Amino acid sequence: MEKRLFLDLSYEELAEELKALGEPAYRTQQVWEWVWRKLCPDFSAMTNLPLSLREELSRRFSLDPFTVLAKECDEEGTEKVLLSLPDGASVEAVLIREEDRNTVCISTQVGCPVGCSFCATGQMGFVRNLTAGEIAGQVLYFAKVLEAQGKRVTHVVVMGMGEPFLNYEATLKALNNLNDKRGFNLGARRITVSTIGVVPAILRFAQEEKQYNLAISLHAPEDELRRKLVPLAERWPISQVLSAAEAYILATGRRVTFEYVLLCGVNDALKHARALAALLRGKLVHVNLIPFNPAPGLPFFPPDEGQIELFRRELLAHGIDVTVRRSRGIKIQAGCGQLRSRVFREK
Ligand code: SAH
Ligand code: SF4
(Lines give C-alpha, C1' and ligand atoms only; values in the text may rest on other atoms or scores of the structure.)
(Ligands and ions follow the chains in the order given, each with its own letter.)
Protein backbone atom coordinates (compact mmCIF):
# COMPACT_ATOMS: atom_id res chain seq x y z
CA MET A 1 0.00 0.00 0.00
CA GLU A 2 1.41 3.36 -0.98
CA LYS A 3 1.69 5.67 1.99
CA ARG A 4 -0.40 8.82 2.06
CA LEU A 5 0.98 12.13 3.19
CA PHE A 6 -0.32 12.77 6.71
CA LEU A 7 -0.17 16.54 6.22
CA ASP A 8 -2.84 16.25 3.49
CA LEU A 9 -5.46 15.52 6.18
CA SER A 10 -7.59 18.16 7.84
CA TYR A 11 -8.44 17.72 11.53
CA GLU A 12 -11.85 16.38 10.60
CA GLU A 13 -10.40 13.92 8.09
CA LEU A 14 -7.95 12.68 10.72
CA ALA A 15 -10.86 12.18 13.10
CA GLU A 16 -12.59 10.02 10.44
CA GLU A 17 -9.45 7.96 9.85
CA LEU A 18 -8.98 7.29 13.54
CA LYS A 19 -12.64 6.47 14.02
CA ALA A 20 -12.40 3.91 11.20
CA LEU A 21 -9.47 2.36 13.08
CA GLY A 22 -11.71 2.05 16.15
CA GLU A 23 -9.87 4.69 18.16
CA PRO A 24 -11.56 6.86 20.79
CA ALA A 25 -12.33 10.47 19.80
CA TYR A 26 -9.64 12.05 22.01
CA ARG A 27 -6.91 10.43 19.92
CA THR A 28 -7.46 12.96 17.15
CA GLN A 29 -6.24 15.84 19.31
CA GLN A 30 -3.30 13.77 20.53
CA VAL A 31 -2.07 12.84 17.06
CA TRP A 32 -2.77 16.34 15.65
CA GLU A 33 -0.70 17.89 18.44
CA TRP A 34 2.24 15.60 17.88
CA VAL A 35 2.39 16.55 14.23
CA TRP A 36 1.28 20.19 14.10
CA ARG A 37 2.37 21.48 17.51
CA LYS A 38 5.28 19.33 18.65
CA LEU A 39 6.54 18.92 15.06
CA CYS A 40 7.25 15.25 15.79
CA PRO A 41 9.05 13.67 12.79
CA ASP A 42 8.17 10.05 13.53
CA PHE A 43 5.00 8.20 14.58
CA SER A 44 7.07 5.80 16.69
CA ALA A 45 8.03 8.69 18.99
CA MET A 46 4.39 9.54 19.83
CA THR A 47 4.66 8.05 23.27
CA ASN A 48 1.12 8.63 24.56
CA LEU A 49 -0.34 6.53 21.73
CA PRO A 50 -0.65 2.76 21.96
CA LEU A 51 2.17 0.97 20.13
CA SER A 52 -0.28 -0.72 17.76
CA LEU A 53 -1.69 2.66 16.64
CA ARG A 54 1.78 4.09 16.13
CA GLU A 55 2.59 1.12 13.89
CA GLU A 56 -0.67 1.41 11.99
CA LEU A 57 -0.13 5.13 11.35
CA SER A 58 3.45 4.45 10.16
CA ARG A 59 2.13 1.83 7.73
CA ARG A 60 -0.49 4.19 6.31
CA PHE A 61 1.12 7.62 6.37
CA SER A 62 4.39 9.41 5.74
CA LEU A 63 5.10 12.53 7.78
CA ASP A 64 7.70 14.30 5.68
CA PRO A 65 7.33 14.51 1.89
CA PHE A 66 10.66 16.14 1.16
CA THR A 67 14.29 15.38 0.40
CA VAL A 68 16.55 18.44 0.47
CA LEU A 69 18.23 18.75 -2.95
CA ALA A 70 20.04 22.03 -2.40
CA LYS A 71 20.38 24.60 0.36
CA GLU A 72 21.78 28.11 0.39
CA CYS A 73 22.16 30.69 3.14
CA ASP A 74 23.31 34.29 3.15
CA GLU A 75 25.00 36.16 5.98
CA GLU A 76 21.73 37.84 7.01
CA GLY A 77 20.18 34.47 7.80
CA THR A 78 18.00 34.09 4.71
CA GLU A 79 17.85 30.41 3.94
CA LYS A 80 16.58 28.85 0.76
CA VAL A 81 15.95 25.18 0.05
CA LEU A 82 15.09 23.17 -3.01
CA LEU A 83 12.87 20.31 -1.83
CA SER A 84 12.26 17.25 -3.95
CA LEU A 85 9.08 15.19 -3.80
CA PRO A 86 8.65 11.42 -4.22
CA ASP A 87 7.67 11.79 -7.90
CA GLY A 88 10.86 13.70 -8.66
CA ALA A 89 9.18 17.13 -8.78
CA SER A 90 10.92 19.86 -6.80
CA VAL A 91 9.98 23.21 -5.30
CA GLU A 92 11.62 26.07 -3.47
CA ALA A 93 10.91 27.47 -0.04
CA VAL A 94 12.65 30.37 1.69
CA LEU A 95 13.09 31.43 5.32
CA ILE A 96 13.66 35.15 5.86
CA ARG A 97 14.95 36.01 9.31
CA GLU A 98 14.44 39.55 10.53
CA GLU A 99 14.79 41.03 14.00
CA ASP A 100 11.30 40.33 15.22
CA ARG A 101 9.94 37.99 12.58
CA ASN A 102 10.70 34.73 10.83
CA THR A 103 8.84 34.62 7.52
CA VAL A 104 8.54 31.50 5.39
CA CYS A 105 7.83 31.95 1.68
CA ILE A 106 6.16 28.88 0.17
CA SER A 107 5.33 27.46 -3.26
CA THR A 108 1.95 26.12 -4.37
CA GLN A 109 2.77 24.62 -7.77
CA VAL A 110 5.71 22.96 -9.51
CA GLY A 111 6.36 25.58 -12.19
CA CYS A 112 3.53 27.92 -13.11
CA PRO A 113 1.04 27.95 -15.99
CA VAL A 114 0.78 31.77 -16.05
CA GLY A 115 4.14 32.35 -17.73
CA CYS A 116 4.95 35.95 -16.73
CA SER A 117 7.85 37.18 -18.83
CA PHE A 118 9.96 38.49 -15.90
CA CYS A 119 9.56 35.38 -13.71
CA ALA A 120 11.96 32.42 -13.60
CA THR A 121 9.15 30.08 -12.50
CA GLY A 122 6.89 31.29 -15.28
CA GLN A 123 9.57 30.48 -17.83
CA MET A 124 9.92 26.87 -16.74
CA GLY A 125 6.34 25.96 -17.62
CA PHE A 126 3.86 24.04 -15.49
CA VAL A 127 4.42 20.56 -14.05
CA ARG A 128 1.75 20.00 -11.41
CA ASN A 129 -0.16 21.36 -8.45
CA LEU A 130 1.17 20.70 -4.98
CA THR A 131 -1.11 18.98 -2.49
CA ALA A 132 -2.18 20.71 0.74
CA GLY A 133 0.37 18.66 2.68
CA GLU A 134 3.18 19.52 0.29
CA ILE A 135 2.32 23.21 0.69
CA ALA A 136 2.05 23.23 4.49
CA GLY A 137 5.05 20.86 4.74
CA GLN A 138 7.35 23.66 3.55
CA VAL A 139 6.35 25.70 6.60
CA LEU A 140 6.85 22.73 8.92
CA TYR A 141 10.29 22.12 7.39
CA PHE A 142 11.44 25.59 8.49
CA ALA A 143 9.48 25.42 11.75
CA LYS A 144 11.74 22.47 12.67
CA VAL A 145 14.89 24.38 11.62
CA LEU A 146 13.79 27.31 13.82
CA GLU A 147 12.69 25.13 16.73
CA ALA A 148 16.24 23.82 17.06
CA GLN A 149 17.21 27.48 17.71
CA GLY A 150 14.34 28.11 20.13
CA LYS A 151 12.44 30.13 17.54
CA ARG A 152 9.14 30.01 15.69
CA VAL A 153 7.69 30.77 12.30
CA THR A 154 5.90 34.10 12.78
CA HIS A 155 4.67 34.79 9.23
CA VAL A 156 3.90 32.89 6.04
CA VAL A 157 3.78 34.42 2.56
CA VAL A 158 2.49 32.43 -0.39
CA MET A 159 4.89 34.08 -2.84
CA GLY A 160 7.07 31.21 -4.02
CA MET A 161 6.67 29.16 -7.16
CA GLY A 162 3.24 28.94 -8.76
CA GLU A 163 -0.09 30.74 -8.75
CA PRO A 164 -1.95 29.87 -5.53
CA PHE A 165 -5.35 30.82 -6.96
CA LEU A 166 -4.95 28.26 -9.75
CA ASN A 167 -4.54 25.67 -6.96
CA TYR A 168 -7.15 27.16 -4.66
CA GLU A 169 -8.48 24.17 -2.71
CA ALA A 170 -5.09 22.78 -1.73
CA THR A 171 -3.73 26.22 -0.84
CA LEU A 172 -6.67 27.06 1.42
CA LYS A 173 -6.61 23.65 3.07
CA ALA A 174 -2.89 24.07 3.82
CA LEU A 175 -3.44 27.55 5.29
CA ASN A 176 -6.42 26.42 7.36
CA ASN A 177 -4.34 23.56 8.79
CA LEU A 178 -1.51 25.96 9.67
CA ASN A 179 -4.03 28.34 11.21
CA ASP A 180 -5.82 25.65 13.26
CA LYS A 181 -5.64 26.58 16.94
CA ARG A 182 -5.44 22.96 18.02
CA GLY A 183 -2.03 22.62 16.38
CA PHE A 184 0.29 25.01 14.58
CA ASN A 185 -1.88 28.01 15.49
CA LEU A 186 -0.46 30.63 13.13
CA GLY A 187 -2.82 33.64 13.08
CA ALA A 188 -4.67 34.41 9.83
CA ARG A 189 -3.32 37.95 9.99
CA ARG A 190 0.19 36.59 9.75
CA ILE A 191 -0.53 34.78 6.50
CA THR A 192 -0.50 36.51 3.08
CA VAL A 193 -1.48 35.05 -0.28
CA SER A 194 -0.13 36.68 -3.44
CA THR A 195 -2.05 36.24 -6.69
CA ILE A 196 -1.46 37.40 -10.24
CA GLY A 197 -5.14 38.37 -10.36
CA VAL A 198 -7.41 35.35 -10.87
CA VAL A 199 -10.63 37.32 -10.46
CA PRO A 200 -13.16 34.57 -9.55
CA ALA A 201 -10.74 33.22 -6.93
CA ILE A 202 -10.22 36.68 -5.40
CA LEU A 203 -14.02 36.98 -5.04
CA ARG A 204 -14.16 33.57 -3.41
CA PHE A 205 -11.23 34.43 -1.12
CA ALA A 206 -13.13 37.53 0.03
CA GLN A 207 -15.88 35.27 1.35
CA GLU A 208 -13.65 32.81 3.23
CA GLU A 209 -14.32 32.34 6.90
CA LYS A 210 -10.64 32.93 7.70
CA GLN A 211 -9.42 36.35 6.69
CA TYR A 212 -5.94 35.91 5.30
CA ASN A 213 -4.12 38.89 3.81
CA LEU A 214 -4.34 39.44 0.08
CA ALA A 215 -1.60 40.71 -2.23
CA ILE A 216 -2.24 41.26 -5.92
CA SER A 217 0.56 41.42 -8.49
CA LEU A 218 -0.36 44.31 -10.79
CA HIS A 219 2.95 45.29 -12.47
CA ALA A 220 1.39 47.77 -14.92
CA PRO A 221 -1.19 50.56 -14.71
CA GLU A 222 -2.78 49.83 -18.09
CA ASP A 223 -3.96 46.68 -19.84
CA GLU A 224 -1.84 46.76 -22.96
CA LEU A 225 1.42 46.84 -21.04
CA ARG A 226 0.14 44.39 -18.43
CA ARG A 227 -0.75 41.86 -21.12
CA LYS A 228 2.84 41.93 -22.36
CA LEU A 229 4.15 41.05 -18.91
CA VAL A 230 1.35 38.83 -17.61
CA PRO A 231 -0.31 36.60 -20.25
CA LEU A 232 -3.28 35.88 -17.95
CA ALA A 233 -4.20 39.57 -18.11
CA GLU A 234 -5.91 38.77 -21.43
CA ARG A 235 -8.62 37.09 -19.42
CA TRP A 236 -9.12 39.58 -16.61
CA PRO A 237 -8.50 43.26 -17.34
CA ILE A 238 -7.23 45.61 -14.64
CA SER A 239 -10.72 47.04 -14.05
CA GLN A 240 -12.01 43.59 -13.04
CA VAL A 241 -8.99 42.90 -10.84
CA LEU A 242 -9.59 46.21 -9.04
CA SER A 243 -13.30 45.49 -8.55
CA ALA A 244 -12.43 42.11 -7.07
CA ALA A 245 -9.96 43.82 -4.73
CA GLU A 246 -12.74 46.23 -3.67
CA ALA A 247 -14.98 43.26 -2.93
CA TYR A 248 -12.28 41.81 -0.68
CA ILE A 249 -11.84 45.15 1.12
CA LEU A 250 -15.59 45.50 1.56
CA ALA A 251 -16.05 41.96 2.89
CA THR A 252 -13.04 41.95 5.22
CA GLY A 253 -12.28 45.59 6.03
CA ARG A 254 -8.64 44.71 5.34
CA ARG A 255 -6.07 46.48 3.27
CA VAL A 256 -4.93 44.96 -0.03
CA THR A 257 -1.28 45.07 -1.08
CA PHE A 258 -0.52 45.67 -4.75
CA GLU A 259 2.82 44.33 -5.91
CA TYR A 260 4.63 46.05 -8.73
CA VAL A 261 7.87 44.65 -10.14
CA LEU A 262 9.97 47.55 -11.41
CA LEU A 263 11.47 46.78 -14.83
CA CYS A 264 13.94 49.31 -16.22
CA GLY A 265 12.56 51.14 -19.25
CA VAL A 266 9.35 49.06 -19.25
CA ASN A 267 7.05 50.13 -16.41
CA ASP A 268 9.22 52.41 -14.26
CA ALA A 269 8.58 55.87 -15.77
CA LEU A 270 6.91 58.62 -13.74
CA LYS A 271 3.91 58.51 -16.05
CA HIS A 272 3.43 54.87 -14.94
CA ALA A 273 3.59 55.96 -11.30
CA ARG A 274 0.98 58.65 -11.94
CA ALA A 275 -1.31 56.24 -13.78
CA LEU A 276 -0.93 53.71 -10.98
CA ALA A 277 -1.76 56.37 -8.39
CA ALA A 278 -4.85 57.37 -10.36
CA LEU A 279 -6.07 53.75 -10.30
CA LEU A 280 -5.54 53.27 -6.59
CA ARG A 281 -6.17 56.68 -5.02
CA GLY A 282 -8.63 56.70 -2.14
CA LYS A 283 -8.70 52.93 -1.77
CA LEU A 284 -7.60 50.92 1.26
CA VAL A 285 -4.43 49.72 -0.43
CA HIS A 286 -0.68 49.67 -0.13
CA VAL A 287 1.86 49.38 -2.95
CA ASN A 288 4.93 47.17 -2.71
CA LEU A 289 7.54 48.09 -5.28
CA ILE A 290 9.84 45.15 -6.06
CA PRO A 291 12.95 46.04 -8.08
CA PHE A 292 13.38 43.29 -10.68
CA ASN A 293 15.57 40.48 -9.43
CA PRO A 294 17.71 39.40 -12.40
CA ALA A 295 18.07 35.76 -13.38
CA PRO A 296 19.76 34.20 -16.39
CA GLY A 297 17.56 34.19 -19.47
CA LEU A 298 15.16 36.91 -18.28
CA PRO A 299 15.31 39.88 -20.68
CA PHE A 300 14.94 42.71 -18.10
CA PHE A 301 17.00 44.89 -15.79
CA PRO A 302 16.17 46.59 -12.50
CA PRO A 303 16.00 50.40 -12.55
CA ASP A 304 18.84 52.24 -10.80
CA GLU A 305 18.36 53.41 -7.21
CA GLY A 306 17.61 56.96 -8.28
CA GLN A 307 14.74 55.91 -10.52
CA ILE A 308 13.29 53.60 -7.87
CA GLU A 309 13.28 56.51 -5.42
CA LEU A 310 11.66 58.87 -7.95
CA PHE A 311 8.93 56.31 -8.66
CA ARG A 312 8.30 55.84 -4.94
CA ARG A 313 8.10 59.59 -4.29
CA GLU A 314 5.74 60.12 -7.20
CA LEU A 315 3.32 57.59 -5.69
CA LEU A 316 3.69 59.16 -2.24
CA ALA A 317 3.06 62.62 -3.66
CA HIS A 318 -0.20 61.32 -5.09
CA GLY A 319 -1.32 60.00 -1.74
CA ILE A 320 -0.41 56.34 -2.20
CA ASP A 321 1.04 54.36 0.69
CA VAL A 322 4.16 52.70 -0.70
CA THR A 323 7.22 50.69 0.32
CA VAL A 324 10.13 49.34 -1.68
CA ARG A 325 10.63 45.66 -1.02
CA ARG A 326 14.30 44.91 -1.22
CA SER A 327 14.65 41.32 -2.31
CA ARG A 328 16.34 39.71 0.64
CA GLY A 329 18.67 36.98 -0.46
CA ILE A 330 19.48 38.39 -3.88
CA LYS A 331 22.99 37.03 -3.39
CA ILE A 332 21.62 33.52 -3.04
CA GLN A 333 19.16 34.20 -5.84
CA ALA A 334 16.25 33.74 -3.48
CA GLY A 335 13.86 35.07 -6.07
CA CYS A 336 10.96 33.08 -7.35
CA GLY A 337 12.10 29.91 -9.15
CA GLN A 338 15.73 30.88 -9.27
CA LEU A 339 17.44 28.21 -7.20
CA ARG A 340 15.60 25.49 -9.04
CA SER A 341 16.54 26.94 -12.41
CA ARG A 342 20.18 27.05 -11.44
CA VAL A 343 20.40 23.57 -9.91
CA PHE A 344 18.83 22.03 -12.97
CA ARG A 345 21.00 24.00 -15.37
CA GLU A 346 24.13 22.79 -13.62
CA LYS A 347 23.10 19.15 -13.89
N1 SAH B 1 1.97 33.74 -8.61
C2 SAH B 1 1.85 34.66 -7.56
C3 SAH B 1 2.74 34.39 -6.38
C4 SAH B 1 4.19 34.04 -6.69
S5 SAH B 1 5.22 35.30 -7.33
C6 SAH B 1 2.04 36.07 -8.07
O7 SAH B 1 2.55 36.22 -9.18
O8 SAH B 1 1.64 37.00 -7.38
C9 SAH B 1 5.45 36.40 -5.98
C10 SAH B 1 5.94 37.77 -6.39
O11 SAH B 1 7.26 37.72 -6.94
C12 SAH B 1 5.06 38.38 -7.48
O13 SAH B 1 4.69 39.70 -7.16
C14 SAH B 1 5.97 38.32 -8.68
O15 SAH B 1 5.62 39.27 -9.60
C16 SAH B 1 7.33 38.53 -8.09
N17 SAH B 1 8.42 38.16 -9.00
C18 SAH B 1 8.48 37.12 -9.87
N19 SAH B 1 9.65 37.14 -10.55
C20 SAH B 1 10.36 38.20 -10.10
C21 SAH B 1 11.65 38.75 -10.41
N22 SAH B 1 12.45 38.18 -11.31
N23 SAH B 1 12.05 39.86 -9.74
C24 SAH B 1 11.26 40.43 -8.80
N25 SAH B 1 10.04 39.95 -8.46
C26 SAH B 1 9.59 38.86 -9.10
FE1 SF4 C 1 3.37 32.45 -12.02
FE2 SF4 C 1 3.48 34.46 -10.25
FE3 SF4 C 1 5.66 33.79 -11.72
FE4 SF4 C 1 3.57 34.96 -12.90
S5 SF4 C 1 4.89 35.85 -11.31
S6 SF4 C 1 4.68 33.17 -13.67
S7 SF4 C 1 1.87 34.07 -11.76
S8 SF4 C 1 4.65 32.54 -10.19
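Let's start at Gly-282, which sits just after helix α10 and takes a positive phi of about 80°. Keep in mind as we go that this is a predicted model.

Stepping back into α10 itself, which spans residues 270-280, we find His-272, Ala-273, Leu-276, Ala-277 and Leu-280 as its buried residues. These residues lie on the same side of α10, because the arc they cover around the axis is only 135°. Their cover includes the helices α8 (223-229), α9 (238-252) and α11 (305-317), along with the strands β12 (256-262) and β13 (285-291).

Glu-309 is partly exposed at 26% relative accessibility, and Arg-312 is partly exposed at 23%.

Asp-321 and Arg-255 form a salt bridge whose closest N and O atoms are 3.1 Å apart. Asp-321 belongs to the loop between α11 and β14, and Arg-255 to the loop between α9 and β12, so this pair ties together parts 66 residues apart in sequence.

In total the structure holds 19 salt bridges. Another of them joins Lys-173 to Glu-13 at 2.8 Å, N to O. Since Lys-173 lies in α6 and Glu-13 in α1, the pair ties together parts that are 160 residues apart in sequence.

Finally, turn to ligand 2. Among the residues around it are Cys-112, Cys-116 and Cys-119, as well as Gly-162 and Ile-196. The shell has 5 nonpolar and 3 polar residues, with no charged ones.

Notes: Residues numbered from 1 in each chain as written. Chains lettered and ligands numbered in written order. Predicted model: local features only at pLDDT ≥ 70, side-chain atom pairs only at ≥ 80, totals over all residues. Heavy atoms only, no water. Near = heavy atom within 4 Å. Nonpolar A, V, L, I, M, F, W, Y, C, P; charged D, E, K, R; others polar. Buried < 20%, exposed > 50% of the residue type's maximum accessible area, 1.4 Å probe, protein only. Helix = DSSP H or I, 4+ residues; strand = E, 2+ residues; numbered from the N terminus. Arc of directions from axis to C-beta. Contact = heavy atoms within 4.5 Å. Salt bridge = Lys/Arg side-chain N within 4 Å of Asp/Glu carboxyl O.
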